[in-house]
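Here is a short walk through one protein model. Keep the sequence and the 3D view open as you read.

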Amino acid sequence: RRRRQRRRRRWFVMLDAAKLCGTAPLDLAAHPAHFVALSFYKMMGFPTGVGALLVRRDAAAALRRVYFGGGAVDSLIADDASYVVLR
């Protein structure tokens, strides 16, 4: 329980370097961050909608999935109003 409380109090730094990477080199030693977002479109001019999220090893556990979405319905028929609830 204490470990969980400590984890909640931890702060993370996210650097949005999308525009910077297109005009200057990114120096993560000078600007340390737990997460860095990049846009390939702004770096190379193509393709749109593609990028990357750089994650520092010590911050990767923060991205662990806390819950599982879905799984509440076992089956569904699109043209019918019936469904089977998963129990």
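Start at H34. Leaving out residues up to four places away in sequence, H34 touches R10, W11, F12, V13, L54, V55, R56, D58 and A59. Contact here means heavy atoms within 4.5 Å. The model is predicted, so local features need pLDDT of at least 70 and side-chain atom pairs count only at pLDDT 80 or more, while totals for chains, interfaces and linings use all residues. Residues are numbered from 1 along each chain as its sequence is written, and side-chain values use heavy atoms, with hydrogens and water left out.

Where does H34 lie? H34 lies in the loop between α2 (20–23) and β2 (35–39). Helices (H or I, at least four residues) and strands (E, at least two) are DSSP runs, numbered from the N terminus. H34 counts as buried, at 12% relative accessibility. Buried means under 20% relative accessible area, exposed over 50%, and partly exposed in between (1.4 Å probe, protein chains only). A polar atom of the H34 side chain lies 2.9 Å from the backbone nitrogen of V13.

D58 forms a salt bridge with R56, and the closest N and O atoms are 2.9 Å apart. The term means a side-chain nitrogen of Lys or Arg within 4 Å of a carboxyl oxygen of Asp or Glu. A search of the whole structure finds one such bridge. Both partners are partly exposed: D58 has a relative accessible area of 40%, and R56 has 34%.

Now look at the rings. Rings of Phe, Tyr and Trp (its six-membered ring) pair if their centres lie within 6.5 Å; planes under 30 degrees apart count as stacked, over 60 as edge-to-face and the rest as tilted. The count comes to one aromatic pair. The ring centres of F12 and F35 are 5.8 Å apart and the planes are at 55 degrees, so the pair is tilted. The pair links distant parts of the chain, 23 residues apart: F12 is in the loop between α1 (2–9) and β1 (14–16), and F35 is in strand β2. F12 is partly exposed at 31%, whereas F35 is buried at 9%.

Stay on strand β2, which also holds S39. S39 is buried, with a relative accessible area of 16%. Beyond its neighbours within four places in sequence, S39 is in contact with A18, V50 and G51.

Notes. Polar contact = N/O pair within 3.5 Å; in protein donor to acceptor, adjacent residues only side chain to side chain.
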